[in-house]
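Keep the picture open while you read, and look up each residue as it comes along.

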Amino acid sequence: MQRILQAISAATLSICVIFIPNSYAESSRIIATGGASEIEGSAGGGIVPWAVINGYGSSGEWAATAMATKVAVDDFTLNVVGASVSYDNQFELSIAKQTFSLDSLGGELGQDILGIKYKLTGELLYSSMPQISVGMQYKKVDDFGLPSAVGAQDDSGLDIYLASSKVILDAIAGRNLLLNATVRATKANQIGLLGFGSVNSNDYQLMLEGSVAVLLRDDLALGYEYRQKPNQLDFAKEDDWQDIFLAWFVNKYFSVTAAYADLGDIAGFEQQKGWYLSVEGAL
């Protein structure tokens, strides 16, 4: 699956970068309103899914995206490739492959993620009601050996989230402000890379996630994200994640997001901090 996703992502990104001129698509949606692709493949920021639907498809239109992301912290590297399709600015389907390299220990972990999102109500821009979407992410690890050894209960799990996103026009010095809040029900350890649940607890936990971003220009966003995570494995503490990001929407077909990420303690390795880089192509 990883090779297939890599091929899809590379092909779509190449088409977007090379063959499509540097001009806006016919879609009526404004640039940046599709967000980027977060590390689980859904439209959002870098580590948090937003209520927005991917791409720039409007009523009755299809859209597709492909992304490649790398997160490199002190002792670990996460590589993600993914793709998504959406219709009618209402439905979104996504798929992502994560490979988590244990740089200091040797070896790697991985998981596949299938996502679906549905816009319930509201609009990002043109109504007083925030855009509200519900989503699910089904995750399955490649090899349950290590997660099982450290106390995980299951090799697969389902995250369910409700996200609310809103752009407040002219909020700060004439610039627009994006706010997002997400609540997620999950059993995932380290977003699922270390399995789901634990030998002591296999119950869902509600986690809060948030994003705030100032649009320095219509195509340039500077923001901050925070993601709360469960801490349910006895062998090592699991911290919440956060990052400061800069997203440049070069045009409606190509965007680049860079961030400085603080992933806290991971598997006994303390203070994992480093860089995040993601490129996305959209059709």
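## Starting with a pair of strands

Let's begin with strand 3 (residues 62-73), which is joined to strand 4 by 11 bridges, the two running antiparallel. Strands here are DSSP runs of E with at least two residues, helices are runs of H or I with at least four, and both are numbered from the N terminus. Two strands count as paired if DSSP finds at least two bridges between them. One spot to look up is Ala64, whose bridge partner in strand 4 is Val85. Strands 3 and 4 also make a hairpin, with 2 residues between them.

Before going on, a word on where this comes from: the model is predicted, so local features need a pLDDT of at least 70 and side-chain atom pairs count only at pLDDT 80 or more, while totals for chains, interfaces and linings use all residues. Residues are numbered from 1 along each chain as its sequence is written, and side-chain values use heavy atoms, with hydrogens and water left out.

## Closing the barrel

How many strands close into the barrel? There are 12, in the order 3-4-5-6-7-8-9-10-11-12-13-14, with antiparallel pairing. From one strand to the next, the twist averages 20 degrees. (For the angles, axes are lines fitted to C-alpha atoms, for helices over the stretch in contact, and the angles run from 0 to 180 degrees between N-to-C directions.) As background, strands of a sheet pair through backbone hydrogen bonds, either parallel or antiparallel.

Strand 3 also pairs with strand 14, in the antiparallel sense and over 9 bridges. Find Ala68 there: Val279 in strand 14 stands opposite. Strand 13 pairs with strand 14 over 9 antiparallel bridges, and Ser255 faces Glu280 of strand 14. Strand 12 (residues 241-251) and strand 13 are antiparallel too, again with 9 bridges. A hairpin of 2 residues joins strand 12 to strand 13, and Asn251 sits opposite Phe254 in strand 13.

## Aromatic rings

Now for the rings. Rings of Phe, Tyr and Trp (its six-membered ring) pair if their centres lie within 6.5 Å; planes under 30 degrees apart are stacked, over 60 edge-to-face, and the rest tilted. By this rule there are 5 aromatic pairs. One of them is Phe76 with Phe269, edge-to-face at 5.4 Å centre to centre and with 90 degrees between the planes. This pair links distant parts of the chain, 193 residues apart: Phe76 is in strand 4 (residues 76-87), while Phe269 is in the loop between strand 13 (254-262) and strand 14 (273-282). Phe76 counts as buried because its relative accessibility is 1%, whereas Phe269, at 22%, is partly exposed. (Buried means under 20% relative accessible area, exposed over 50%, and partly exposed in between, using a 1.4 Å probe and protein chains only.)

Next come Tyr260 and Trp275, another edge-to-face pair, with 5.2 Å between centres and 65 degrees between planes. Tyr260 lies in strand 13 and Trp275 in strand 14, so this pair ties together parts 15 residues apart in sequence. Is Trp275 buried or exposed? With 58% relative accessibility, Trp275 is exposed, while Tyr260 is partly exposed at 37%.

Glu92 lies in strand 5 (residues 91-102) and counts as buried, at 1% relative accessibility. The Glu92 side chain reaches the backbone nitrogen of Asn54 at 2.9 Å. That is a polar contact (a pair of N or O atoms within 3.5 Å; within protein, one must be able to donate a hydrogen and the other to accept it, and residues adjacent in sequence count only if both atoms are side-chain atoms). Leaving out residues up to four places away in sequence, Glu92 touches several others, including Ser42, Val52, Val85 and Lys117; contact means heavy atoms within 4.5 Å.

Asp219 is in the loop between strand 10 (205-217) and strand 11 (220-227). At 15% relative accessibility, Asp219 is buried as well. The side chains of Asp219 and Arg217 make a polar contact at 2.9 Å. Apart from neighbours within four places in sequence, Asp219 is in contact with Ile31, Ala247, Trp248 and Phe249.
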